[in-house]
Amino acid sequence: MLRALGIRPEICHLNEGHAAFAVLERARSFMEDTGQPFEVALAATRAGNLFTTHTAVAAGFDKFSPGLMAQYLGTYASDKLGISLDRLMALGRKNAGDSSEDFNMAYLAIRGSGSVNGVSRLHGQVSRRLFQPLFTRWPEDEVPIAHVTNGVHMPTWDSALADDLWTASCGKERWLGTSDHLDADIRKVPDAALWQFRTVASQSLVEYARRRLALELAAAGAPHDEVETAKHLFDPNALTLGFARRFATYKRPNLLLHDPQRLLRLLDNSQRPVQLIIAGKAHPADDAGKALIREWVRFIRQAGARPHVIFLSDYDMLLTEQLVQGVDVWINTPRRPWEACGTSGMKVLVNGGINLSELDGWWAEAYTPEVGWALGDGREHSDGAASDAADADSLYGLLEREVIPEFYTRDEHGIPVAWVARMRESMARLTPQFSAERAVREYTEQHYLPGAAAYVARAADNGAIGKNIVDWQSALDRGWPAVSFGELKVATDEHRHLFEIQVNLNDLNPQAVRVELYVDGSGGDSAVRQEMECVRQPEGSAAVAPGYAYRASVPATRPASDYTPRVMPRYDGVAVPLEVDRILWQR
Ligand SMILES: *Cc1c(COP(=O)(O)O)cnc(C)c1O
């Protein structure tokens with residue numbers, strides 16, 4: 001469609017594996033323009049493709065059976081791409097030789113992109129683990145997946161009141177350009193003004209919730225008095241908690257229901273009342289998710305719960321907008337590390353809402369005690385039931401001991417000073433950091449600009465560089481199996497280890513490889529990759545000929561036996577191991 005419109009993008013940003021067939025079509029277009037074969041077209045165009053993975057579990061990747069692929073893409077492969085179906089299938093398989101393996105769209109996206117990222121720092125780590133099977137000989141932290149943490153578009157999610165408040169302190173252009181001074185400017189807003197802003201926001205949300213619930217009940221044919229009761233529900237001055245999201249089991253929307261009596265006691269406190277708004281949908285095919293909604297509905301039907309909890313149906317962005325503008329606390333309870341990023345909690349930041357969340361996704365990098373509350377110990381747990389119980393207990397405990405007392409502890413002007421301080425820090429530190437502006441800037445600087453430059457270079461001259469890369473890869477295919485290490489010599493003086501090793505490169509040019517000393521990052525030290533220098537070609541050494549000697553010296557702070565020489569392909573501008581995953585270790 002882009003071609004039909006005359007648009008020739010330099011960057012194609014693949015949002016999740018669903019979009020990965022764009023890799024093939026982009027290569028096909030390049031073949032049409034230049035007459036190059038598929039492999040050259042892929043090598044040239046992939047530099048301009050960026051793949052963002054959003055999934056935290058392998059089961060989340062789209063996969064298609066070989067039969068389905070043959071049915072829909074068999075002719076396309078042979079007639080349009082000029083490759084066999086096996087070659088096409090290999091792009092989506094872990095093991096190219098396994099004809100029973102399904103075609104994995106995320107694998108195609110990796111094989112067809114010049115860079116790859118996850119959507120939060122933690123998700124970057126998780127993704128390196130998930131995609132390790134494609135880079136089996138590489139340490140997990142060298143699996144070539146970086147991260148750009150998501151951000152939300154603040155002008156979409158701020159209320160009119162929040163817009164006024166931010167405009168008054170930070171100006172109308174505050175979300176444009178860099179945001180260095182935003183935190184300092186918003187910190188200057190006095191307690192009374194911040195609290196007044198929150199009070200009005202809570203009142204608006206309570207009014208909205210009353211209207212909406214009354215409409216929902218009337219539409220469902222509820223008795224007149226029930227509809228009337230809904231119109232006076234809730235207390236505009238009480239603490240309002242919000243929980244709204246897709247009802248998927250990994251998000252544990254029933255964590256608050258772990259001990260229903262404890263939840264009831266917490267809500268039904270005449271001195272310090274708490275009200276809770278729940279919203280969410282389950283996927284139509286997700287019976288477990290639907291059962292979680294029923295659990296809430298049953299809980300709310302009890303007389304004791306009814307005045308304090310409502311479930312609003314038809315969760316969508318308009319409802320989200322109302323909720324994030326008015327809640328005091330946004331609760332999020334995913335099972336770590338399943339929440340790749342999460343964005344709903346970012347939407348409350350600009351409006352002065354505070355997050356109470358599991359240390360998963362974005363919150364694992366956003367949380368500090370000054371800006372909100374955290375659940376969990378920041379680790380993964382294999383025993384689901386036990387960690388659910390522990391997290392539920394800490395959720396109730398935080399609400400009982402910290403959240404509720406802090407909200408209701410007021411000074412002589414009725415202001416909850418500690419609460420306002422936390423809210424101010426959340427607004428000042430987190431709003432700029434988790435905004436779309438920051439995310440788009442990172443994508444631009446780290447991925448779009450370098451990717452576009454690499455694509456333009458590789459595509460120039462009918463893909464001349466793309467062709468060179470394919471030739472280099474063919475030379476590697478021929479020569480690599482015979483590459484081997486010879487003798488390793490280590491000399492240690494007072495301060496340094498001096499390593500020297502023979503490398504038999506077979507027919508490969510020393511320019512086509514890089515030899516390194518590697519030591520992993522265990523024991524608090526970070527991993528070291530020290531390039532070794534090619535010093536001379538040894539003479540008369542039949543065992544390793546034609547061989548080269550490589551030498552490097554490193555500080556003797558760690559034992560020499562920690563270091564392992566390794567050799568990997570090298571080509572200027574080509575991402576290793578993303579584009580070529582070969583590597584040989586000396587041991
Ligand atoms: C923001 C938003 C989401 C994403 O919320 P998460 O908590 O990140 O899952 C989902 N649905 C709607 C309607 C939203 O507004």
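This is a predicted model: local features need pLDDT of at least 70, side-chain atom pairs count only at pLDDT 80 or more; totals for chains, interfaces and linings use all residues.
What does the side chain of Arg-429 meet in a salt bridge? The partner is Glu-370, with N and O 3.2 Å apart. This pair links distant parts of the chain, 59 residues apart: Arg-429 belongs to helix H18 (residues 417-433), while Glu-370 sits in the loop between helix H16 (363-366) and strand S12 (372-375). Glu-370 is partly exposed too, with a relative accessibility of 37%.

Over the whole structure, a search turns up 45 salt bridges. One of them joins the side chains of Arg-3 and Glu-32, with an N to O distance of 3.0 Å. Here again distant parts of the chain are linked, since the two residues lie 29 apart: Arg-3 is in the segment before strand S1 (12-15), and Glu-32 is in helix H1 (residues 21-34). Arg-3 has 26% relative accessibility, so it counts as partly exposed.

Another salt bridge pairs Lys-231 with Glu-228, and their closest N and O atoms are 3.1 Å apart. Lys-231 is partly exposed at 42% relative accessibility, and Glu-228 is partly exposed at 28%.

Salt bridges can also join up into a network. Which residues are linked in this way? They are Glu-142, Arg-514, Glu-516, Arg-529, Glu-531, Arg-566 and Arg-570.

## Around the ligand

Now turn to the ligand. The residues around the ligand are Trp-157, Arg-245, Lys-251, Tyr-315, Asp-316, Met-317, Thr-320, Gly-342, Thr-343, Ser-344 and Lys-347.

For Thr-343, a polar backbone atom is 2.6 Å from a ligand oxygen. For Lys-347, an N or O atom of the side chain is 2.7 Å from a ligand oxygen. For Arg-245, the distance from a side-chain N or O atom to a ligand oxygen is 3.5 Å.

How much of the ligand does the protein bury? On its own the ligand exposes 390 Å², and the protein buries 82% of that. Two or more residues of the shell come from each of these elements: helix H14 (317-326) and helix H15 (344-349).

Conventions: Residues are numbered from 1 along each chain as its sequence is written. Side-chain values use heavy atoms; hydrogens and water are left out. A residue is near a molecule or strand if one of its heavy atoms lies within 4 Å of it. A polar contact is a pair of N or O atoms within 3.5 Å; within protein, one must be able to donate a hydrogen and the other to accept it, and residues adjacent in sequence count only if both atoms are side-chain atoms. Accessible areas come from the Shrake-Rupley method with a 1.4 Å probe; for residues, only the protein chains shown count as cover. Helices (H or I, at least four residues) and strands (E, at least two) are DSSP runs, numbered from the N terminus. A salt bridge is a side-chain nitrogen of Lys or Arg within 4 Å of a carboxyl oxygen of Asp or Glu. Buried means under 20% relative accessible area, exposed over 50%, partly exposed in between (1.4 Å probe, protein chains only).
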